[in-house]
Amino acid sequence: MMASVGEPPELKRYSGIQRAAALLLALGQEHGVPIWQQLKDDEIKELSASISSLGRVPAVVVEYLLSQFSVEVSGVATLHGSYETTERLLEGVLAPDRVKDIMEDIRGPSGRTMWDKLSNVSEGVLAGYLKTEHPQTVAVILQKLKPDHSARVLAALPRDFGTEVVMRMLNTETVQKDVIIQVEQTLRSEFMTNLSRSAKRDPHETMAELFNALDRATEEEMLSALDERAPDAAERIRSLMFTFEDLGNLLPSAIQLIVRNCNKRELALALKGAPEVMRRVFFGAMTERAAKLLRDDMASMGPVRARECEAAQANLVALAKDLGDRGEIVLNDPKSDDAMIY
């Protein structure tokens, strides 16, 4: 048996559930089976979720936990809790279907938790669902989401209802685990299930993305052909496409971020083939010195092929979309009726 060791300072970083998770991870399948078999599903899920997010556990913490549990431990250096080690551990002590359910519960079928998935749902769609729920339930949900997404959802709720939700959030004490679990189960069984059934994507959106990736000549040729055979579809696709000209609708701060992140030769190429109004948009977001250097670069290029300019413009559009997806800039949504105010 291992001699008792003093409590290491590192232990203070770990909560009770994390200590239990580290201990069970150290015990492994052979010694942990009797414990896992005595746990309820909710307890297994809570411990599994904690194991999967542990990361590396210092050897002194492992040694202390095991010494307290009076288990032989020799040669243990560190542990590493992850989704993979959690799944392997559970596979040795539980039936496959229970392992699958538990792993999907703690990280989702695609490796994400329920709250991660919910953070990717449009604020309008989520607000439409939540406005029929009790304000206290909505308060619990918004506190679990990322702050920026919660803010957008809150703004989309009816004003009086949103104010009531804020009051509940201000006065809410620590929410009990069983309440969180119940809310998650309701969201999974009702909202997310119905959302997946109704989330059939508009094919025009898919085609708009495809057309955005075409070179300008092919894009115009295909849209002209659609104008003749399906004019309504062509108009819908055009309205959904985000083009180089749409960059002119962005705020100066967004243009500045694009300029900072882009390849400067590509920027010069893109503007060399752009109309004067687009050049003014970019020059206006730059310092006088930077704008002069860019004009000099454009002048020194001499004649360039139109397709090179179009390719550079397409790359700027792709960069803008990437920055928009990361939440670093706000793109004018062509599907939205909201006007951008400058």
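The model is a predicted one, so to speak of local features a pLDDT of at least 70 is needed, side-chain atom pairs count only at pLDDT 80 or more, and totals for chains, interfaces and linings use all residues. Residues are numbered from 1 along each chain as its sequence is written, and side-chain values use heavy atoms, with hydrogens and water left out.

The chain holds 19 helices and 2 strands (DSSP runs numbered from the N terminus, H or I of at least four residues for helices and E of at least two for strands). Of its 342 residues, 35% come out as buried, meaning under 20% relative accessible area, with exposed being over 50% and partly exposed in between (1.4 Å probe, protein chains only). Among contacts (heavy atoms within 4.5 Å) with a separation of 6 or more, 74% link residues 24 or more positions apart.

Now for the helix pairs. Helix 1 (residues 16-38) and helix 2 (residues 41-52) have axes that come within 9 Å and cross at roughly 115°; axes are lines fitted to C-alpha atoms, for helices over the stretch in contact, and angles run from 0 to 180 degrees between N-to-C directions. That makes helix 1 roughly perpendicular to helix 2 (65 to 115 degrees; under 35 is roughly parallel, over 145 roughly antiparallel, and the rest oblique). On the helix 1 side, the contact is made by residues including Leu24, Leu25 and Trp36, and on the helix 2 side by residues including Ile44, Leu47 and Ile51. Sorted by class, this contact has 9 nonpolar, 3 polar and 1 charged (Ala, Val, Leu, Ile, Met, Phe, Trp, Tyr, Cys and Pro are nonpolar, Asp, Glu, Lys and Arg charged, and the others, Gly among them, polar).

Helix 16 (residues 264-272) packs on helix 19 (residues 306-325) at an angle of about 115°, with the axes 7 Å apart. Glu266, Leu267, Leu269, Ala270 and Lys272 of helix 16 meet a helix 19 set that includes Glu308, Cys309 and Leu316.

Over in helix 12 (residues 203-212), Ala208, Phe211 and Asn212 are buried. They cover an arc of only 100° around the axis, which puts them on the same side of helix 12; the arc is that of the directions from the helix axis to the C-beta atoms.

Lastly, Gly128 sits in helix 7 (residues 123-130). At 33% relative accessibility, Gly128 counts as partly exposed. Gly128 and Val153 are 25 residues apart in sequence, with 9.2 Å from C-alpha to C-alpha.
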